[in-house]
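Work through the exercises below with the model open. Each task is followed by its solution.

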Amino acid sequence: MYVRKLLSLLLLLLLIQIHSKTSAQLLVQPEHFLRAQQAGVQPDGQNSFIQVPIRMGGPGLGAVTGFHLFLSYDNQKLQFAGISPGAVSNVAAIPVNGMLSLQYSNVQAPINCTEPVVMFYLNFTRLAVGDVPLTFMHGSQVAGLNSLLPVNYQNGMVLQTWQLDLLSSPPQAGVLSGAGAYLPGQSASLSAIANPGYYFINWTRDAQVVSTLPEFDYPMPAENVTLTANFGLNSYVLQLQSNPTAGGSVSGAGTYTFGQTVQVQAVPNTGWAFTGWMLDGQLVSTDPNYTFTMPASNLLLWANFEQIAYPLQIAVHPEGSGTVSGAGNYFYNTQVTVQAEPLTGWEFTGWTANGQTVSTSQTYTFNMPASPLQLQANFQQILYPLQIVVNPSGAGQASGAGNYAYNTQVTVEAVPNPEYNFMSWNQGSTILSTDPVYTFSMPASALALTARFSLKTFVIEVAASSPEHGTVGGGGVYTYGQTVTVTAQANSGYQFVAWTEQGQTVSQEATYSFVALANRSLTAVFQQVMVCPEPLSLSILALGEQFAHLSWVSPASVQAWDLAWGLPGFNPNTEGTLIQGLNQPSYLLEGLNPQTTYEVYVRAWCENVYVSNWSAPLQFMTWYVGLGDNTLSVLRVFPNPASDKLQLMSPEISGQATVSVFSADGRLMFSRQLTSDNPVLYLKGLSPGIYHLQLQTGNKVSIARFTVVSN
C-alpha cells in the first residue's frame with residue numbers, strides 16, 4: 001500500500017512538471033496545489049477551490065525587498081479569488097482580462113530566498129474543466145536592496161483533476177480510505193475495512209461490480225467517480241439458559257444478524273420468580289420480556305430465577321382454645337406438617353382454609369401451594385356432665401345438674417324437705433362442702449355429686465319456772481314428726497299456770513302434746529296459790545317502729561287485765577297511760593315513737609272482784625326508722641333455727657352490704673359488713689332466742705327473722 005501511494009505521488013509530480021524557457025540562478029516557480037473541497041462544491045471539476053503557491057529561490061536572492069509580476073491565465077476556466085499570505089502579506093493584486101498584476105514592496109524587511117520560499121498564494125475558483133497554463137509575462141521583475149535582481153521565470157500549469165468519492169453500504173458498515181482528487185489515469189489505492197458486525201462484499205460503480213477485493217488500485221478516469229463499498233451483516237448465535245434449570249423456561253434463542261432487534265422471554269415455573277437477565281456475570285435487565293440489539297458477538301444470556309417462600313399463617317378459633325405449630329415460610333410443593341393441640345376442656349374439630357374443611361386430623365400434612373395460606377385450627381369446648389343424687393331419695397331437692405365446660409363456675413344448691421337437714425356435698429366418700437349452696441370449677445371430666453341429707457332431730461327442753469314450785473317431764477330428743485308429750489306437776493302450795501316458750505304462752509294444759517318440728521325450749525310456769533295472782537312472763541310478740549305486740553301469762557281462771565305503759569321509771573299507780581278491761585293475755589300497743597324506750601306493766605282481775613299486783617316491768621325500744629314490715633325486697637336466711645352462722649340470700653346483696661341484728665325487744669346487738677361473694681353471718685355472742693335481721697345495701701332495706709339455738 002505504501003509503495004503504491006509513493007508511485008502515485010511521483011506520477012503526480014511528473015504530470016505537473018512546469019515547462020521552463022532557460023535555466024537561471026533565480027527562479028519564480030508557480031505550481032498547482034489542490035486544497036480540500038469546501039462544502040457544497042460539486043465533484044464535476046467545476047467550482048472547486050484552487051490555491052497556487054508562488055515560490056522564489058536561488059543564489060543571489062538573499063534579500064528580496066519587493067516584486068512586480070505579471071501573470072496570465074484563462075479566465076474562462078479560472079476565476080481569481082484573492083491572495084493568501086505566505087512569507088509576505090499585503091500583496092496588491094489587480095485582475096484584468098485574464099492577467100494578474102501582482103505588486104509588493106517592503107525595503108525594511110528584506111526576505112532571504114536563497115532557499116526556495118513560498119512568498120504568497122494565488123487563489124482561484126474553477127469555472128470549467130481543463131488544464132490552465134500560468135505564464136509570467138514580459139515586464140515581470142524582482143527587486144533587491146539596491147536594484148532589480150536578474151531572474152529566470154518558470155511558467156506553470158493548473159492541471160485538471162477529478163473527484164473520487166467513496167460510499168459505505170450500509171452506512172457506518174466499514175472504514176474506507178482512498179477518496180480524493182485524482183488526475184486522469186492516476187491510480188487510487190482504495191481500502192475497505194469492515195466494522196464489527198459486518199463483512200466486506202465488493203466495490204461497485206453504478207451497481208456494477210468493480211472489484212471483490214477490499215483493497216485494490218483503481219485507475220482514475222477523466223470524470224468524477226463514486227464507488228460504493230458493499231458490506232453484509234454477520235450473524236451471531238444467541239444462547240439462553242435458565243438458572244437454575246428448574247426455575248423456569250426461556251424463549252428467543254437463535255441466530256441473529258448484527259444490529260437485529262431481539263426479544264427474549266423468561267417464564268418462571270410455579271413457585272419461582274424471575275430476578276433478571278445476566279451477561280458475563282453482569283445484570284443487564286430485570287424485565288422478563290427483554291428487548292435488545294444483537295451485538296457483533298455470540299451471546300449467552302442467563303435467566304435467573306429464585307424460589308418464592310410463601311407464608312403459612314395459622315389461627316386458633318376460638319382464641320385460647322388450643323395451641324398450634326407449623327406456621328412459617330415454605331417453598332411451593334414443600335411438604336408441610338401442622339399440629340393442633342387442644343387445651344384442657346377443648347377438643348379439636350378440624351382444619352379449615354377459606355371456610356372449607358381440609359382435614360379433621362390434629363396432625364395435617366399437605367403440599368404448600370403457590371400462594372399465602374391461612375389455616376384455622378378449630379376447637380370446641382367439651383361439655384362434661386354433672387349428675388346430682390339426693391341421698392336419701394326424697395329427702396330434698398338439689399339443683400345445678402347439667403353439662404358444663406371445663407373450669408366453668410358451677411353452683412349447686414340443696415334444699416332439704418321440712419323433715420330433713422342438709423349435711424354435705426359428697427364426691428364418693430369425700431366431703432366437698434357442708435354449705436347447701438356450693439360453687440366450684442367444673443373439672444375436665446364427668447362429675448357425680450351427692451347431696452346428703454339426714455332426718456331432722458329436735459331437742460325438746462322442759463324446765464320449771466322455779467324448781468321449788470313444781471316438776472316437769474317429757475323433754476328429750478325426738479325425730480321430725482314424732483309426737484311429744486310434756487307434763488307439769490305443781491308442788492304443794494303452788495299451781496300450774498301455763499307452758500311458755502320464749503315468753504309466749506303455748507298451752508295452759510299441764511299435759512301438753514305436740515309434733516316435733518323444731519327444737520323447743522318450754523317452761524312450765526308455776527305460781528303460788530293466791531286469791532288473784534299477778535301476770536307472769538310479760539314479753540313482746542312483735543316489735544316495729546311505732547308498735548309493740550305484748551303478751552303475758554295468767555291462770556286460766558283469769559279473764560281480765562289492765563295494762564299501763566309510759567317512759568321508763570314511771571309509777572303505774574299514778575303515772576303513764578292506763579288501758580283497762582283487756583279480755584285476753586295480749587295487746588297491740590300502737591302510736592309509739594320510733595327508736596324510743598318504753599316500759600309496760602300488767603295486772604289481773606280475778607272473779608271481777610280481786611285485782612293482782614302489777615307484774616314486773618317490761619322495758620323495750622321501738623325499731624329504728626326504716627326497719628319494719630314495709631320491706632323493699634325479699635331476704636332468705638338458712639338454716640333457721642341456726643346455732644353458729646347464717647347464710648343470706650337476696651338479690652339486694654351486691655358488692656358490700658350492712659347487716660344489723662336486733663333482739664326481740666328492739667335492742668341493736670351488732671352491725672357487720674358482708675360482701676356478695678361471702679354472704680355469711682356468724683352468730684357468735686348471741687344467746688338463744690328470737691332476733692330480727694336488717695340488710696341494707698344502698699337505699700334498699702330487707703328484713704328477716706331468725707332463731708338462735710344452742711349447739
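**Exercise 1.** Is Gly474 buried, partly exposed or exposed?

*Solution.* Start with the cut-offs: buried means under 20% relative accessible area, exposed over 50%, partly exposed in between (1.4 Å probe, protein chains only). Gly474 has a relative accessible area of 29%. Therefore Gly474 is partly exposed.

This is a predicted model: local features need pLDDT of at least 70, side-chain atom pairs count only at pLDDT 80 or more, and totals for chains, interfaces and linings use all residues. Residues are numbered from 1 along each chain as its sequence is written, and side-chain values use heavy atoms, leaving out hydrogens and water.

**Exercise 2.** Where is Gly474 placed, and which residues does Gly474 touch beyond four places in sequence?

*Solution.* Locate the loop: Gly474 sits between β46 (470-473) and β47 (476-479). Strands are DSSP runs (E, at least two residues), numbered from the N terminus. Next, list contacts (heavy atoms within 4.5 Å). Gly474 touches Val484, Thr485 and Val486.

**Exercise 3.** What is the strand order of the open sheet with 5 strands?

*Solution.* Two strands pair if DSSP finds at least two bridges between them. The order is β31-β29-β36-β33-β34, with mixed pairing. The edge strands, β31 (328-331) and β34 (356-359), each pair on one side only. Now take β33 (residues 346-353): 3 bridges join β33 to β34, and the two run antiparallel. Trp351 has Ser359 in β34 as its bridge partner.

**Exercise 4.** Which element has the lowest mean pLDDT?

*Solution.* pLDDT is the predictor's confidence in each residue, from 0 to 100. Helix α1 (residues 2-15) has the lowest mean, 35. Over residues 1-46 the pLDDT is below 50. Where pLDDT is low, the predicted coordinates should not be read in detail.

How values were computed: Helix = DSSP H or I, 4+ residues; strand = E, 2+ residues; numbered from the N terminus.
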